[in-house]
Amino acid sequence: RSAPTAVSSNAALQPGKPWALTLGEFRIGDFRIDAEDRVPRQVVRLPLYITQLSVHPELDLKKPHRFEGDVTLGQAARLRMDGHLEEGPFSLDTRLRLEGFALPPLAPYLADYARFRLESGKLDLDGRLHVQEGKQLQVAYQGGLGISGFAANDQFLQERFLAWKRLQLNGMDVSLTPMRVKVKEMIADQPFTRLMILPDKSVNFAQILAATPIEAKSPSRTGKALP
């Protein structure tokens, strides 16, 4: 039999030879992250508690790895994931199930787009998320979305502006590149809104959802309307 051939470290690191990255088995549990976003004028804080997050690699490196996760968002919202991922180019395909995510902590993100105070509301998701790396990052979601116990108050009149017991969107198809939204069905249970014609003949909606200087300067708002 022939003797094994020795390969020097210099040969293994030839210029121009691409690196190969392979993910091994991975598991993390009982791990807490205190996330902060300081971009909004009011800091958004969101604690994350990872009950468990596992990646199970395939023996065939050409096949995507299976992964599953169970995460608590905020105080009590539960996010469960079950799907596949690949390292290079990165791709993710997973089923998402989110239950009871409280919306008021995200209110600072609305400050530049709407002038109402978000009092309550919980978000549920059940669908599939697909992320694909490329020249442009492709992100798509198909499934359902529900918001329950929603209430928002007008900042000018300090009165209830918009509320509902449950708003359910079914058959959603959302993509970010290009931005596109389709909804097959919308069901509103006990919706409420306060529509007022003011003395100057304007409508309160125009004040509450009026454009702000940030919106007016945003280049993303000068293009075509959202399909």
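**Notebook: strand β8 and its partners**

I began with the hairpin of β7 and β8, which has 5 residues between the strands, and there Q158 takes a positive phi near 55 degrees. Strands (E, at least two residues) and helices (H or I, at least four) are DSSP runs, numbered from the N terminus.

I noted that the model is predicted, that local features need pLDDT of at least 70 and side-chain atom pairs 80 or more, and that totals for chains, interfaces and linings use all residues. Residues are numbered from 1 along each chain as its sequence is written, and side-chain values use heavy atoms, with hydrogens and water left out.

I then looked up the pairing of β8; two strands pair if DSSP finds at least two bridges between them. Strand β7 (residues 138-154) runs antiparallel to β8 (residues 160-176), with 12 bridges joining them. A151 lies opposite A163 of β8, and A163 has F192 as its bridge partner in β11.

Which strand pairs with β8 over 5 bridges? I found β10 (residues 185-189), in the antiparallel sense, with M186 of β10 opposite L169. Strand β9 (residues 179-182) also pairs antiparallel with β8, over 4 bridges, and a hairpin of 2 residues links β8 to β9.

I next examined F205, in helix α2 (residues 204-208). Is F205 buried or partly exposed? F205 counts as partly exposed because its relative accessibility is 32%; buried means under 20% relative accessible area, exposed over 50%, and partly exposed in between (1.4 Å probe, protein chains only).

Finally, I recorded that 29% of the 227 residues count as buried.
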